[in-house]
Amino acid sequence: MIPVNELIRGYNLYRDEYEARAIEVLRSGWYILGRQVEAFEKEFADALGDGCYCAGVDNGLNAIRLGLQAAGISVGDEIIVQANGYIATILGIIQAGGKPVFVEPDEYYQLDAERIADAITPRTKGVCLTHLYGMATRMDRVLEVCREHDLMLFEDCAQSHFASYRGTNTGLFGDVGFFSFYPTKNLGGCGDGGGVVSRNKDIIDKVKVLRNYGSDVRYHNIEIGINSRLDEMQAGFLRVKLSHMPELIANRNHIADRYLSGITNPLVILPKVAEGCNHIWYQFIVRVDDQEGFRNFLKDAGVATDISWKVPPYLQPCMIDKYGYRRGMFPITEAICDSIVTLPMMDVMSEEEIDKVIETVNMYKGNS
Ligand SMILES: Cc1ncc(COP(=O)(O)O)c(C=O)c1O
């Protein structure tokens, strides 16, 4: 079976470097918030762009929560998000005290800038978009609308490490960017990890306080913080992977290019890349009418697939109960969730595997 993703492949690519780093960290005798974390924060921020600062945290959810808090979001503030985004973005907003307000995505699955204005109320503080599946959102219009309505802009970049729009990396368009370094992410560790980035150093300094019990210096607590520290081992592993990002992105681009040119089945809708947007292919998403039938056909032929995700966040039980959302409120999102299928995409795939995915998808005939 060709898996949707298989992490051991990525590990094996740089095994010697990962293992040398693990030994270095183990022998250093310092395991949380140390030299590796500081080095990673600097290397990642420098790689993203000029004037960028980064605070490493323990996962992407807390990056969202603490980044929003550090930017001043608090109880009752409304944040506009795309309805087809990931639940973690929504949880981060709620845990920061905010209230998510959903809008439909555009034809590229990204937040539709044209729908922001209608969702604004007197309590709206900002927009938090997710560059979903690895493609940068078309930022021109988003920035214009945010400026026009004096809204803060937050970017969930958990799926978009080094995806760019007209030359700027995601995470640097708005006030704050949030990253996850969960193992499956393009820049993923061998455990949990996350990062907050901003060109505003005060915000990053505040996240560094919040992530460590709210303390600025040891045993002196100036904020009601949490424990959200990034450990040395993960930072060390992330430094290894970060140094190889260009070739890893090239690998994924090659796989995506082959899918895009090879898949010709009219029953399968391919992803579109908007002009000016660069895609890092965190996931390769196609759409079909018969989601389950298509997935079963591929599975029987030895190609695993996934759905990212079948139930959108506003229809999750915890959201329905709390906010009273119902099916039918966001038909574009629901149509997406009912038709998307994730094809295999990972750090390394052989040409034979890529061929097999393409051939199998092209053989699919639907119900007819
Ligand atoms: C869009 C998005 N936001 C946030 C997260 C949360 O990241 P983590 O799993 O590191 O908490 C994820 C990862 O799964 C994600 O895909």
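The model is a predicted one, in which local features need pLDDT of at least 70 and side-chain atom pairs count only at pLDDT 80 or more, while totals for chains, interfaces and linings use all residues. Residues are numbered from 1 along each chain as its sequence is written.

The protein is assigned two domains, domain 1 (7-103 + 110-242) and domain 2 (245-363); such bounds come from an automatic or database domain assignment. Taken over C-alpha atoms, the centres of domain 1 and domain 2 are separated by 24 Å. Domain 1 brings 26 residues to the contact and domain 2 brings 25 residues, where two residues are in contact if their C-beta atoms, placed from the backbone, lie within 7 Å. On the side of domain 1 that touches domain 2, the elements giving two or more residues are α1 (7-13), α5 and β6 (164-165), and α1 gives the most, with three residues. Helices (H or I, at least four residues) and strands (E, at least two) are DSSP runs, numbered from the N terminus. By residue class, this side of domain 1 divides into 13 nonpolar, nine polar and four charged residues. Here Ala, Val, Leu, Ile, Met, Phe, Trp, Tyr, Cys and Pro count as nonpolar, Asp, Glu, Lys and Arg as charged, and the others, Gly among them, as polar.

The largest nonpolar core has 100 residues, and those with the most contacts inside it include Cys54, Val127, Phe178, Val196 and Val207. A core of this kind is a set of buried Ala, Val, Leu, Ile, Met, Phe, Trp, Tyr and Cys residues joined through C-beta atoms within 7 Å. A residue is buried if 20 or more other C-beta atoms lie within 10 Å of its own, exposed if 12 or fewer, and partly exposed in between, with C-beta atoms placed from the backbone. With six residues, α4 gives the most to this core. Both domain 1 (7-103 + 110-242) and domain 2 (245-363) contribute residues, so the core lies between them. Beyond its neighbours within four places in sequence, valine 207 is in contact with Ala55, Leu66, Gly67, Ala70 and Val196.

Strand β8 (residues 176-180) is mostly covered, with five of its five residues buried. In a regular strand the side chains alternate between the two faces of the sheet. In β8, Val176, Phe178 and Ser180 on one side and Gly177 and Phe179 on the other are all buried, leaving both faces covered. Strand β5 (residues 152-156) runs parallel to β8 and is joined to it by three bridges; two strands pair if DSSP finds at least two bridges between them. Phenylalanine 154 has valine 176 of β8 as its bridge partner. Strand β9 (residues 194-198) pairs with β8 in the antiparallel sense over four bridges, and phenylalanine 178 stands opposite valine 196 in β9.

Turning to the ligand, Gly60, Leu61, Ala88, Ala158 and Ser180 come nearest of the 14 residues around it. The elements that give two or more residues to this shell are α4 (60-70) and α5 (87-95). A residue counts as near a molecule or strand if its C-beta atom, placed from the backbone, lies within 6 Å of it. Five nonpolar, seven polar and two charged residues make up the shell.

Several single residues also deserve a look. Serine 308 and tryptophan 309 are joined by a cis peptide bond, with omega about 15 degrees, and tryptophan 309 lies in the loop between α11 (291-300) and α12 (317-323). Tyrosine 109, although not a glycine, has a positive phi of about 75 degrees. Tyrosine 109 sits in the loop between β3 (99-103) and α6 (116-119) and is buried, with 24 other C-beta atoms within 10 Å. Tyrosine 133 likewise has a positive phi, near 65 degrees, and is placed in the loop between β4 (124-130) and α7 (139-148). Isoleucine 116 lies in helix α6 and, leaving out residues up to four places away in sequence, touches Ile80, Val103, Val127 and Val145.
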